[in-house]
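Reader: I am new to this structure. Can you take me through it, one feature at a time?

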There are 2 protein chains.
Amino acid sequence: MSDRLTIALDAMGGDSAPDSVIEGAALASQRYPEAEFLVFGDEQRINSLMGKRKSLQQAVTICHAPEVIREDTSLLQALRKTRLSSMRLAFNAVTEGRARVVVSAGHTGILMAMAKQTLKLLPGIRRPALASFVPTRQGQAVMLDLGANVECDADDLVQFAVMGAMFSRAVLADRATDDPTVGLLNVGVEEGKGRVLIKAAADKLRKMSLPLRFKGFVEGHDIAEGVVDVIVTDGFTGNIALKTAEGTARLYSEFLRRAFHGSLLARASYHLVRSAFRKFKHRTDPRHYNGAMLLGLEGICIKSHGNSDAVGFAQALELAIMAIRNSFDERIKQQMGKLQLSLAYAPAVLAG
Amino acid sequence: MSDRLTIALDAMGGDSAPDSVIEGAALASQRYPEAEFLVFGDEQRINSLMGKRKSLQQAVTICHAPEVIREDTSLLQALRKTRLSSMRLAFNAVTEGRARVVVSAGHTGILMAMAKQTLKLLPGIRRPALASFVPTRQGQAVMLDLGANVECDADDLVQFAVMGAMFSRAVLADRATDDPTVGLLNVGVEEGKGRVLIKAAADKLRKMSLPLRFKGFVEGHDIAEGVVDVIVTDGFTGNIALKTAEGTARLYSEFLRRAFHGSLLARASYHLVRSAFRKFKHRTDPRHYNGAMLLGLEGICIKSHGNSDAVGFAQALELAIMAIRNSFDERIKQQMGKLQLSLAYAPAVLAG
């Protein structure tokens with residue numbers, strides 16, 4: 001496997017592909033000149049977008065992909081009939097050792113299925129899960145699943161808890177002394193509250209000896225409070241919670257803008273507080289949290305929001321670069337290996 | 001039934017009861033001197049809280065309730081054995097015509113069960129649902145269910161859509177010319193995306209002739225965008241989405257505060273932009289959206305957040321006053337009556 005910062009880009013996934021993908025790569029390339037991009041997609045369109053970007057041209061190798069996976073492509077079609085799609089060729093680059101990470105803003109379900117088919121699941125893992133960082137009062141927390149699995153059972157949630165804790169450890173690298181704290185997202189913190197399957201997952205997490213500190217249930221507002229390091233939920237709820245938070249963030253920026261437009265004095269004094277605003281805006285811009293990692297695989301795959309622009313896509317690329325630099329894949333594998341040893345007496349958990 | 005603005009208050013429900021309940025009533029009483037409160041709870045404690053509030057004393061009648069429903073009271077216990085609880089006596093006041101509305105910050109599940117037992121379900125309705133207003137770019141939207149039903153099937157979601165549309169119409173009163181638009185909360189807008197039960201509910205809503213305009217799926221970020229008048233989801237997802245939005249709002253206010261503390265210039269010029277900030281803060285304070293209405297009942301029941309303070313509780317009381325003034329109960333019953341006539345050929349929808 002290459003030691004270089006080589007990233008395989010699915011240039012054709014997402015609402016504004018390939019434009020935002022190429023622009024995003026240009027932004028990331030300015031920040032990380034050492035990064036190299038294998039860009040898979042429509043050669044002609046990508047070439048015309050590259051035209052003016054001299055510095056990017058040095059970092060990019062364009063690999064023509066004659067096929068594209070669209071939002072309306074069926075899963076079966078995507079897996080069986082589009083062997084030359086930009087997404088598939090990007091995965092191949094990783095399995096063949098030409099790149100370390102796949103980054104795509106394409107269809108989540110297809111991305112997950114293709115990741116399983118090409119990168120392979122880690123031993124004992126039943127399904128990959130999408131994990132991302134979310135902003136909290138304390139800094140950030142890891143949240144999963146964000147949409148890879150819309151229907152889950154209690155064992156899936158237990159596996160997500162384990163994978164999330166591993167991810168949190170990999171991110172914190174050697175700074176972590178204690179096991180990460182994990183909370184299950186629910187409608188109340190009391191033991192009797194919530195769905196049957198959530199209560200079953202909590203029971204299992206309480207009884208099992210895992211390399212994490214299970215803190216029981218957490219509620220929606222606890223995410224931003226940062227009460228735990230890892231928030232575990234099913235992909236349906238996680239996806240909706242994440243997007244609701246993003247929508248709220250955008251609405252509140254809009255309210256702030258309106259408040260300052262309303263008063264003449266406020267408008268006049270805006271330039272005095274501009275730098276404070278910029279700081280606030282940067283911190284609350286959902287694009288700066290774009291990029292989720294598909295956990296549970298032998299390789300690294302980063303999913304960008306389907307509707308992300310260049311700034312958002314660049315952020316997903318930054319996560320990819322961080323993942324390579326810190327060898328997330330190796331660290332997670334190591335952690336899973338340790339876990340399996342310690343679970344020798346409870347193999348049912350990981351085998352499902 | 002009384003024409004007066006008489007509200008039955010469960011003074012013992014919620015994390016900081018009865019303090020925040022009495023303080024909230026005092027705030028509401030200042031704004032609505034015509035409102036009258038029947039306050040059910042521990043007479044001695046309420047009396048001591050009332051002590052200093054002369055103006056409130058005129059608006060309040062204290063009714064001693066020797067029993068209290070706590071967060072750890074079981075549903076069975078609450079329904080069968082605590083006939084003299086503050087919550088139960090508040091409901092009795094409405095069924096006996098002494099008050100028009102019940103307001104409680106108590107346990108959601110027990111509140112719902114007790115509401116069904118005392119106020120009775122509207123004909124054809126299977127389960128009540130909690131609905132509330134959420135802030136949007138356009139103003140506000142109705143969202144339900146917010147936690148009354150953590151496990152739902154497709155028919156429940158269809159009923160929630162109908163009840164939500166009725167509620168939206170009752171709120172808009174005579175200003176609405178078109179049927180309200182309704183969206184089902186999902187992980188994507190494409191027809192094939194999401195959970196099986198969501199897709200089944202969408203199928204039903206598309207095929208049925210209902211007094212609403214079904215717009216298909218909406219995503220988490222569409223809530224704040226205000227793309228539909230009514231957002232329909234199950235009580236688990238709705239509760240988590242709502243609380244996540246509230247947590248995000250609080251976090252972003254905190255970020256704003258920090259941004260202004262960081263820069264000396266910003267701190268110095270803060271007073272110039274103070275009024276703009278106040279406007280922003282008021283608009284983004286989750287307490288100003290507190291209060292959800294339990295729909296599907298013959299009478300009106302308002303649920304306040306369990307952790308709401310006096311400001312939040314006063315907001316729930318304001319919703320109660322608005323509900324009485326606009327005869328929400330009568331309007332919703334009227335609308336349901338019309339719906340049942342129009343559904344004479346499809347009774348299965350309402351009968352479930």
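Reader: Which side chain does Arg98(A) meet in a salt bridge?

Author: Look for a side-chain nitrogen of Lys or Arg within 4 Å of a carboxyl oxygen of Asp or Glu. This is a predicted model. In it, the side chain of Arg98(A) meets that of Glu96(A), at 2.5 Å from N to O.

Reader: Is Arg98(A) buried, exposed or partly exposed?

Author: Buried means under 20% relative accessible area, and exposed means over 50%. Arg98(A) has 40% relative accessibility, so this residue counts as partly exposed.

Reader: What does Arg100(A) pair with in a salt bridge?

Author: Its partner is Asp329(A), with the closest N and O atoms 3.1 Å apart. Arg100(A) sits in the loop between α5 and β4 of chain A, and Asp329(A) in helix α14 of chain A, so the pair ties together parts that are 229 residues apart in sequence. Arg100(A) and Asp329(A) are both buried.

Reader: How many salt bridges does the structure hold over all chains?

Author: The total is 46. Between chain A and chain B the count is six.

Reader: Where does the pair of Glu254(B) and Arg137(A) sit?

Author: The closest N and O atoms of Glu254(B) and Arg137(A) are 3.7 Å apart. This pair crosses between chains: Glu254(B) is in helix α10 of chain B, and Arg137(A) is in the loop between β5 and β6 of chain A. Glu254(B) counts as buried, at 14% relative accessibility. Arg137(A) is partly exposed, at 24%.

Reader: Which residues are linked with Arg137(A) in a network of salt bridges?

Author: The network links Arg137(A) with Glu225(A), Glu254(B), Arg257(B) and Arg258(B).

Reader: How is the size of an interface often given?

Author: It is often given as the accessible area lost when the parts come together. Here chain A and chain B bury about 5,500 Å² between them, with 66% of it on carbon and sulfur atoms. Arg195(A), Phe236(A) and Tyr252(A) supply 13% of the area that chain A buries against chain B, more than any other three residues. The contact takes 58 residues from chain A and 58 residues from chain B.

How values were computed:
Residues are numbered from 1 along each chain as its sequence is written. Chains are lettered from A and ligands numbered from 1 in the order in which they are written. This is a predicted model: local features need pLDDT of at least 70, side-chain atom pairs count only at pLDDT 80 or more; totals for chains, interfaces and linings use all residues. Side-chain values use heavy atoms; hydrogens and water are left out. Contact means heavy atoms within 4.5 Å. Buried area is the accessible area (1.4 Å probe) that two parts lose on being put together, summed over both. Buried means under 20% relative accessible area, exposed over 50%, partly exposed in between (1.4 Å probe, protein chains only). Helices (H or I, at least four residues) and strands (E, at least two) are DSSP runs, numbered from the N terminus.
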